[in-house]
Amino acid sequence: MSSETLTPSVAELAPEFVALSDAIWDEPELRWEEHASVAKQIAVAERHGGRITTNVAGIPTAFTAEWGQGGPVIAVLGEFDALAGLSQENGSTVRQPAPGNTSGNGHGCGHNLLGAGSLLAAVALAKTLEREGRAGTVRYYGCPAEEGAAGKSFMVAGGAFEDVDAAVSWHPGAGVATAQWKSLAYTQAYFRFRGVAAHAGANPQHGRSALDAAELMNVGVNFLREHMDDTDRVHYAFVDAGGASPNVVQPTAELYYLVRSATTAGMRALYERVCKIARGAAMMTETEVEIEFDGASAEILPNLVLESHLHAVVEAMGGVPYDDDDLAYGRELLTTVPADAVTHTKTTMGMSADDDSPYFLGVPPKPDPVHRPQMTGSTDVGDVSWVVPTVQIAGATAVLGTPGHSWQMVAQGKTAAAHKGMVYCATAIGAVAYDLLTDPDLLEAAQAEHRATLAVTPYDCPIPEGVIAPPVRPGYRVR
Ligand SMILES: [Zn+2]
């Protein structure tokens, strides 16, 4: 079995990659600004003989590390960006900021583990291929800005995956899933209203309020909710509410919208309705609106061949080997997790309701393509999955029900249990990648399925032609 081929290399290398994950957790960086995290990853990849390419697709914090020669080319996707306002002490069971964390950021999605785990898989795979004298290329993709910024989607649009044959990845979290979840396609954009300032008491008739326009846009969108699909999602934030004085008719206001739907086509239609409401609000208030595209990702396209192969690999591996200390901490932390979230993970994992284990200890249920779970969030892995057959394993690092982007997720990011989950997932995706490199029939079956799907529904890149990633746009500022 392929996982047995890879396990010795993974086990030998693991301590160094656990340390890499911890070092990235210690210095959490936000989207497009992951310079220290990238430097740490590149240092480890270079130490293991990786050939580095920086500035991939023109993005300063996107890079690849490559081993081997010739085809096939298998991509291993990694991430390393954190979230604002989520500083949290490691290994704690109460909400409290990490001592010495000056940025206030935290790894609330476990991307410290994601990047280090994927790099571990790539290096272990490269060493195994070298030892066995096999041809083929392993390429680790250091992908920036997954959180609300579509780093991979811009990399896909920039042609970074053009010579790739298949891709593997994983995502930390609760439970263990070999089933490929569906994600929502999304677009996010800024809506900037411009009006005319005036004395709000003395001559309001001369003012045209941009703030009124922004409020009316939100009201319009909130009425739109009655006429959307169940899995559609629209969220907004005020970036600028005008000035601080109520005695001035506000001449500027800016909203940041995130529009999601189950398919890229559905998302495009919904986004157009939101834009129509914005223009209507501007018309009503005699203001002007400028719409600035920020980022977009397609929904995940599952590959059934790779999904069932991943499941077979994980079945042969058995469960994550947590120990008694992991379970003791897990039990304590579990009391802080919302009960309905714990129940949800148990149901998904096929656990009985009275099972009091804080982690999922078994082999996940066999994926059921007919009842594929719909995740109502989004991921930029979606665009990669439309250009090459892609598979991901999820979970293994957190107690049941741990919500994404929560302090509990940050608190678990450096625990021994999370490290075990990272090594487990690295072994699984490394093994799938090994099989893709050494079994031409498996790769061809995955690619044939991919071609057949695209013949019916071609990839519709949600990034408009010619739009470059935000950090390389003139005048870009982090908001
Ligand atoms: Zn994530």
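Domain 1 comprises 2-182 + 299-456 and domain 2 comprises 185-297, with bounds that come from an automatic or database domain assignment; the C-alpha centres of the two lie 36 Å apart. Residues are numbered from 1 along each chain as its sequence is written, and side-chain values use heavy atoms, with hydrogens and water left out. Because the model is predicted, local features need pLDDT of at least 70 and side-chain atom pairs count only at pLDDT 80 or more, while totals for chains, interfaces and linings use all residues.

Helices (H or I, at least four residues) and strands (E, at least two) are DSSP runs, numbered from the N terminus. Strand E3 (residues 73-79) and strand E4 (residues 136-143) run parallel and are joined by 7 bridges; Glu79, for example, has Cys143 in E4 as its bridge partner.

In the loop between E3 and helix H3 (111-132) lies His107, which counts as buried because its relative accessibility is 1%; buried means under 20% relative accessible area, exposed over 50%, and partly exposed in between (1.4 Å probe, protein chains only). Leaving aside residues up to four places away in sequence, His107 touches several residues, including Trp25, Phe80, Asn112 and Met409. A polar atom of the His107 side chain lies 3.5 Å from the backbone nitrogen of Asn112.

Turning to helix H5, its 15 residues (residues 210-224) should span 21 Å at 1.5 Å a residue, and the end C-alpha atoms are 21 Å apart, which agrees; the expected span is 1.5 Å times one less than the number of residues. The buried residues of H5 are Ala210, Ala213, Ala214, Met217, Asn218, Val221 and Leu224. These residues cover an arc of only 135 degrees around the axis, which puts them on the same side of H5, the arc being that of the directions from the helix axis to the C-beta atoms. What covers the buried residues of H5 includes strand E7 (185-194), strand E8 (233-240), strand E9 (252-261) and helix H6 (264-285).

Methods
Contact = heavy atoms within 4.5 Å. Pairing = 2+ DSSP bridges. Polar contact = N/O pair within 3.5 Å; in protein donor to acceptor, adjacent residues only side chain to side chain.
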